[in-house]
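Hello,

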Amino acid sequence: FLFEVGKMSHRSLTRSETDPPKNTDESVIKDGWLYIARRRVTNRFERRYCVLNKGSSELTHMKSPKDAKTKTISLVLAQVSAIQKGQKNGFQILSRDENTYFKAETPEEMNEWIETLQSVCHSLLTDKIEDAASTAAPSAEEKYKDLEQRQPEKTTLSLFLQKNDYCADCSRILSEGYQGHISSAFVSLKLGCVLCEDCAVCHFDILGHECSDVHAMQDHPRIPLFDRKQKPMEMSFLNYMGNKKVNDYWEANLSGYNKPTSSSPLKERKLWVKEKYLRKTFRGYKRGYLSVRRDKKKPKKYWVVLESSTINFFNSNEDMKAQEIIVLQSCGVKVGDDPACPETFTIITPGKTYKLEDKTFPAAMEWANAISVAAASLMKQLTNTSSEGGAKAAIPDDYLPSPREKQGTKAIHRYELETDGTEW
């Protein structure tokens, strides 16, 4: 009898130590124990106590409920979904800064966390979180003055447009008010920049969906309307880029060439768009470290350089000899084909498929869009005639495969030459 009583008291003591009493604080939406890991393919899940507070844009976790040392995970522009394979009762939070993976004790508990987190993320995305700290509505001048000090979830799209309130191509100021700029702006979802109406029409006519994918902030007779509720991934990419970052790349070598101004005619704007984005006259080289996944082998890191018509893989940034080269002609890019690893993207060529991985999802999307735009603009160069009625492109006809070569099964080897002459 004493043995049974002792065993019962031991069970009750253990339960009280590990499971805290139910939180009655009205400011807490949900709390409880979860297992957390920073990488999807790992067994190092650590048990943490997680708290989601009302009106907060972050998920807080700590070693114990009474621990003063806490860590947070941002839910702004985050995506929450269940892990379909590999982790029982597992789900993931994919945010702008990092990806975090969770495991719950039961499927019911996992579903409760997913529903709660998705509801909070949706509220943050649609700007429906109420500001409990302020009681009086500020004036328009106060909004404009304190915009930089606000929480980003309150004005995600407005904050992006406020920071990029000028056209990336002609530098026209789009507005001077707090919300007036929203209706007069156009965004390029492939490049990640803001444009005025005249330059947006040039992008729509010349670059199209493949190279620019322009959307309007208000109804336009030709350009489609941008709906951020249906395009959260594109909204995340826009916040990651911006006009300055785009121009630092596409106008890296802008020496001795005058950009169009706000009063430039449409013909001058079209020539500028062709030179900047199609012919890539002023573009710098996109470069950085990427991990290449090959079957079930351990990913290998390469220094990758994107040039006008090729992608070059080096062992390091000091290596002069490329280990592998991908020709952008007949090259395709896929993003989001692996939900378990969203920071990966796939390059598809006629003879081989490459799976590349970056640190975060927005960084991977920037690489994928840059490669996609480079490949699409190269194909436009090869197929479109110039407005002056000249030759097709700055690539000789001998470079293109003949109909006989297309029918054969033998591989076509392409070579890129460097020359100072302009005849190429």
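A residue is called buried here when its relative accessible area is under 20%, exposed when it is over 50%, and partly exposed in between (1.4 Å probe, protein chains only). Please keep in mind that this is a predicted model, in which local features need pLDDT of at least 70 and side-chain atom pairs count only at pLDDT 80 or more, while totals for chains, interfaces and linings use all residues. Residues are numbered from 1 along each chain as its sequence is written, and side-chain values use heavy atoms, with hydrogens and water left out.

Of the 424 residues in the protein, 43% are buried.

A salt bridge is a side-chain nitrogen of Lys or Arg within 4 Å of a carboxyl oxygen of Asp or Glu, and the structure holds 13 of them. Aspartate 31 is buried but has no salt bridge, and the nearest side chain of opposite charge, that of lysine 30, is 6.5 Å away (Lys and Arg count as positive, Asp and Glu as negative, and His and the chain ends are not counted).

Glutamate 251 does form a salt bridge, with lysine 259, where the closest N and O atoms are 3.3 Å apart. Glutamate 251 is buried, at 14% relative accessible area, whereas lysine 259 is partly exposed, at 23%. Both belong to a network of salt bridges that links Asp169, Glu251, Lys259 and Lys276.

Finally, aspartate 205 and arginine 222 form a salt bridge with the closest N and O atoms 2.4 Å apart; aspartate 205 is partly exposed at 37% relative accessibility, and arginine 222 is partly exposed at 44%.

Best wishes
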